[in-house]
Amino acid sequence: MPTRFGVNTADVAAKFAMFADLGVVTVPDDYEHGSRLGSFVRTNLWKFYHIDSNISDRHFPNPSRILKPGDKLLVQVFRQVLPGVATFKECMTFLGLKKAVYPGAQGASLVWEEKRNELPKDIWLGSYDDKSRLWKDADGFHWLPGVQVYGNGVCRFYLFRLDKDMPASRGFLCFSEIV
């Protein structure tokens, strides 16, 4: 059986399903990678119930896919459809099957900015990346950034600790290059 990260790809393919197709996001002309998260927080702070202060340009400087002005990415939301929890390796295996790219916290901020009215409500949506590119705190835990819009319109931009398995009530963003 084919595996990726030591995970059976057939099992993973059956574990998740598309929950929403958000269409295309376009990186704005004034986008600056090195200061994106700081400027996003300053501009949008009052629109959020909570923004984790650890989501910063210092903690998330180097996602696998660095966005550039004019880039266009297709964004879909996936969710677990089988009972139980999902591991980081299972989610990354699934995203690999989808040929996903990983723009990190910067990508999540862009999705919120352009698609917040289309985001599924009451579901935390993680923006995955290789573990080595995620922020590692002083205790050695890696953290995954994500966004959430509640049914009442309240928004959060916060982190999920990777040593915990993701409950089925959460989802993730899948970014794909447009070819």
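Modeller: Let's start with the largest cavity, which holds about 40 Å³ of space. A cavity here is a set of points on a 1 Å grid over the protein atoms alone, where a 1.4 Å probe fits but cannot get out, and its lining residues have an atom within 4 Å of a point. The volume is the space filled by probe spheres set on the points, which are joined across faces, edges and corners. The structure holds two cavities of 30 Å³ or more.

Please keep in mind that this is a predicted model, in which local features need pLDDT of at least 70 and side-chain atom pairs count only at pLDDT 80 or more, while totals for chains, interfaces and linings use all residues. Residues are numbered from 1 along each chain as its sequence is written, and side-chain values use heavy atoms, leaving out hydrogens and water.

Around the largest cavity you will find Phe-60, Asn-62, Pro-63, Gly-104, Ala-105, Gln-106, Asp-129, Arg-133, Leu-134 and Pro-145. Five of these lining residues are nonpolar, three are polar and two are charged; Ala, Val, Leu, Ile, Met, Phe, Trp, Tyr, Cys and Pro count as nonpolar, Asp, Glu, Lys and Arg as charged, and the others, Gly among them, as polar. Helix α4 (residues 104-115) gives the largest share of this lining, with three residues. Helices are DSSP runs of H or I with at least four residues, strands are runs of E with at least two, and both are numbered from the N terminus.

Now follow α4 to a partner, helix α2 (residues 36-44): their axes come within 10 Å and cross at roughly 30°. Axes are lines fitted to C-alpha atoms, for helices over the stretch in contact, and angles run from 0 to 180 degrees between N-to-C directions. On the α2 side, Arg-36, Leu-37, Phe-40 and Asn-44 meet Ala-105, Gln-106, Ser-109, Leu-110, Trp-112 and Glu-113 of α4, where contact means heavy atoms within 4.5 Å. The residues of this contact divide into five nonpolar, three polar and two charged. Notice that Ala-105 and Gln-106 meet α2 and also line the largest cavity.

In α2, the buried residues (under 20% relative accessible area; exposed is over 50%, partly exposed in between, with a 1.4 Å probe and protein chains only) are Arg-36, Leu-37, Gly-38, Phe-40, Val-41 and Asn-44. Their cover includes α4, along with β4 (50-51) and β10 (155-161).

Next comes the second largest cavity, with a volume of about 30 Å³. Its lining is made of Ala-86, Thr-87, Phe-88, Tyr-128, Leu-144, Phe-160, Leu-162, Lys-164 and Met-166. Seven of them are nonpolar, one is polar and one is charged.

Phe-88 leads us on to helix α3 (residues 88-97), which is largely enclosed by the rest of the structure because seven of its ten residues are buried. Those seven are Phe-88, Glu-90, Cys-91, Met-92, Thr-93, Phe-94 and Leu-95. Just after α3, look for Lys-99, which has a positive phi of about 55°.

Phe-94 gives us a last stop: its C-alpha atom is 10.0 Å from that of Asn-8, although the two are 86 residues apart along the chain. Asn-8 sits in strand β2 (residues 7-8) and is buried, with a relative accessible area of 14%.

Definitions and conventions: On a 1 Å grid over the protein atoms alone, a cavity is a set of points where a 1.4 Å probe fits but cannot get out, and a pocket is an open set with protein on both sides within 12 Å along at least five of seven lines; lining residues have an atom within 4 Å of a point.
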